[in-house]
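Please look over the sequence and the 3D structure shown here before reading on.

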Amino acid sequence: MLFRSLQPRLNLLSKQGQWQQMSALLSEELLDAVVVQGDPDTAGALLRERCGGWCERVSPVVYGGGPGSAARLLRAIKGL
């Protein structure tokens with residue numbers, strides 16, 4: 001499914017409160033295109049690779065990972 005054609009369908013389902021149906025439409029290909037995930041070092045390197053040439057700032061959200069994970073992620077994004 002083309003990503004472009006997905007937005008109107010997701011919008012309609014969200015207005016209908018059909019959240020489970022929405023998640024069924026999200027493919028691994030789409031998630032790989034929009035989400036960076038992994039341990040702090042891997043995710044940081046992926047962000048730098050994906051955004052480094054055109055993006056001045058990123059705002060990562062860290063879900064878990066324990067103490068120091070956010071600092072490790074920031075170091076990895078900066079390539080330190």
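By the rule used here, in which a salt bridge is a side-chain nitrogen of Lys or Arg within 4 Å of a carboxyl oxygen of Asp or Glu, the count comes to 1 salt bridge. It is formed by Asp 41 and Arg 72, whose closest N and O atoms are 2.6 Å apart. The pair links distant parts of the chain, since Asp 41 belongs to helix α4 and Arg 72 to helix α5, 31 residues apart. Helices here are DSSP runs (H or I, at least four residues), numbered from the N terminus.

Asp 41 counts as partly exposed, because its relative accessibility is 40%, and Arg 72 is also partly exposed, at 32%. For these classes, buried means under 20% relative accessible area, exposed means over 50%, and partly exposed lies in between (1.4 Å probe, protein chains only).

## How the model was read

This is a predicted model, in which local features need pLDDT of at least 70 and side-chain atom pairs count only at pLDDT 80 or more, while totals for chains, interfaces and linings use all residues. Residues are numbered from 1 along each chain as its sequence is written, and side-chain values use heavy atoms, with hydrogens and water left out.

## The largest pocket

Rolling a probe the size of a water molecule over the atoms shows where empty space is left. On a 1 Å grid over the protein atoms alone, a pocket is an open set of points where a 1.4 Å probe fits, with protein on both sides within 12 Å along at least five of seven lines, and lining residues have an atom within 4 Å of a point. The largest pocket holds about 450 Å³ of space, and of the 19 residues that line this pocket, the closest to its centre are Val 36, Pro 60, Val 61, Val 62 and Leu 73.

Helices α4 (40-51) and α5 (69-78) each supply at least two residues of this lining, and α4 gives the most, with 3 residues. By class, the lining of the largest pocket has 12 nonpolar, 6 polar and 1 charged residues.

Where is Leu 26 found? Leu 26 lies in the loop between α2 (19-24) and α3, and it counts as partly exposed because its relative accessibility is 36%. Together with Leu 31, Val 34 and Val 35, Leu 26 makes a nonpolar surface patch of about 300 Å². Such a patch joins nonpolar side chains within 5 Å, taken from residues with over 30% relative accessible area and no salt bridge.

Val 35 is placed in the loop between α3 (28-34) and α4, and with a relative accessible area of 36% it is partly exposed. Leu 26 and Leu 6 are 20 residues apart in sequence and 8.8 Å apart in space, C-alpha to C-alpha.

## Two further residues

Gly 52 has its place in the loop between α4 and α5, where it counts as exposed at 52% relative accessibility. Gly 52 and Val 35 are 17 residues apart in sequence and 15 Å apart in space, C-alpha to C-alpha.

How values were computed:
Grid points are joined across faces, edges and corners, and a volume is the space filled by probe spheres set on the points. Ala, Val, Leu, Ile, Met, Phe, Trp, Tyr, Cys and Pro count as nonpolar, Asp, Glu, Lys and Arg as charged, and the others, Gly among them, as polar. Patches are made of residues with over 30% relative accessible area and no salt bridge: like charges are joined within 9 Å, nonpolar side chains (Val, Leu, Ile, Met, Phe, Trp, Tyr) within 5 Å. Accessible areas come from the Shrake-Rupley method with a 1.4 Å probe; for residues, only the protein chains shown count as cover.
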